[in-house]
Amino acid sequence: NAYVQVVPSGPGFFNKSSYQSILTAIYLAKKELVLTTPYFVPDEAVQIALISAVMRGVDVTLIMPKKVDSKLVHHASRAYFEELLEGGVRIALFTGGLLHSKTVTMDANIGLIGSVNLDQRSLWLNQEVTLFVYDEEFAGRLRTVQQSYIDQSEILHLAEWKRRPFKLRLLENTLRLTGPLL
């Protein structure tokens, strides 16, 4: 009995549908926003939206795998962590294996699930689909799954993150420049 909206993305779809819809969901969140993605190489708009949500009083948690199957994406994504942590986004690195879940829950009443990653290539170039499920029961069950990921994660802390070696920071920031290609 839930309302489900199918939102495609990729070349040929009007106004980058998934991208616009996910950004809108981030901006509409009022209490809590939990995002799960294996690949996180956002553009500036997504990054600003996440930090803006925190500034509005929304609890924002980004769940990613600690280890990914692409070293380039692994390092490029970490180039964004310091700004997100400084902005108040909680980052949970899943240690239970390769997390390939792509989900978002918003305010315990909307759940998103699909094939789209939170990276520029997936949002703009790949043929993807996201289901927006407007149902508290579904969102609650999805949030329970997300919590199980958090429970198996290391939570990053800004002070610790800033202490990583200079060579690693240089590598991450260099690979950040290739973000649209990853």
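Which residue stands opposite I110 in β9? That one is Y134, and the views below start from the sheet that holds this pair. This is a predicted model, where local features need pLDDT of at least 70 and side-chain atom pairs count only at pLDDT 80 or more, while totals for chains, interfaces and linings use all residues. Residues are numbered from 1 along each chain as its sequence is written, and side-chain values use heavy atoms, with hydrogens and water left out.

**View 1. The whole protein, before zooming in.** The secondary structure comes to 8 helices and 10 strands; helices (H or I, at least four residues) and strands (E, at least two) are DSSP runs, numbered from the N terminus. Of the 182 residues, 49% count as buried, with buried meaning under 20% relative accessible area, exposed over 50%, and partly exposed in between (1.4 Å probe, protein chains only). Areas come from the Shrake-Rupley method with a 1.4 Å probe; for residues, only the protein chains shown count as cover. Among contacts with a separation of 6 or more, 79% are between residues 24 or more positions apart; contact here means heavy atoms within 4.5 Å.

**View 2. The open sheet, strand by strand.** Read across, the 8 strands go β1-β9-β7-β6-β2-β4-β5-β10, with mixed pairing. The edges are β1 (3-9) and β10 (153-155), each pairing on one side only. From one strand to the next, the twist averages 15°. Two strands pair if DSSP finds at least two bridges between them. Strands of a sheet pair through backbone hydrogen bonds, either parallel or antiparallel. Back at the opening pair, β7 (residues 110-114) and β9 (residues 128-134) run antiparallel and are joined by 5 bridges.

**View 3. Strand β2 and its two partners.** With 4 of its 5 residues buried, β2 is largely enclosed by the rest of the structure. On β4 (residues 59-65), β2 pairs in the parallel sense over 5 bridges, and E32 has D59 as its bridge partner there. With β6, the pairing is antiparallel over 4 bridges, and L35 is partnered by V104.

**View 4. Helix α1 over the sheet, with M106 in the picture.** Helix α1 (residues 17-28) lies across β1, β2 (32-36), β6 (103-106), β7 and β9, running at about 130° to β1; axes are lines fitted to C-alpha atoms, for helices over the stretch in contact, and angles run from 0 to 180 degrees between N-to-C directions. Look for M106 in strand β6; M106 counts as buried, at 6% relative accessibility. Setting aside neighbours within four places in sequence, M106 is in contact with A25, L28, A29, E32 and L33.

**View 5. A nonpolar patch on the surface.** V4, V6, I113, V129 and L131 make up this patch, with about 370 Å² of accessible area together. Patches take residues with over 30% relative accessible area and no salt bridge; like charges are joined within 9 Å, nonpolar side chains (Val, Leu, Ile, Met, Phe, Trp, Tyr) within 5 Å. The elements giving two or more residues are β1 and β9. V129, in strand β9, counts as partly exposed at 34% relative accessibility.

**View 6. Salt bridge K66–E154.** The whole structure has 5 salt bridges, each a side-chain nitrogen of Lys or Arg within 4 Å of a carboxyl oxygen of Asp or Glu. Here the side chains of K66 and E154 meet at 2.9 Å, N to O. K66 sits in the loop between β4 and α3 (71-78) and E154 in strand β10, so the pair ties together parts 88 residues apart in sequence. K66 is partly exposed at 32%, as is E154 at 37%.

View 7. R164 and E82 form one, with the closest N and O atoms 3.9 Å apart. R164 lies in the loop between α7 (158-162) and α8 (166-176) and E82 in helix α4 (residues 81-86), so this pair ties together parts 82 residues apart in sequence. R164 counts as buried at 11% relative accessibility, whereas E82 is partly exposed at 24%. E86 and K162 form another, at 3.3 Å between the closest N and O atoms; E86 is in helix α4 and K162 in helix α7, 76 residues apart.
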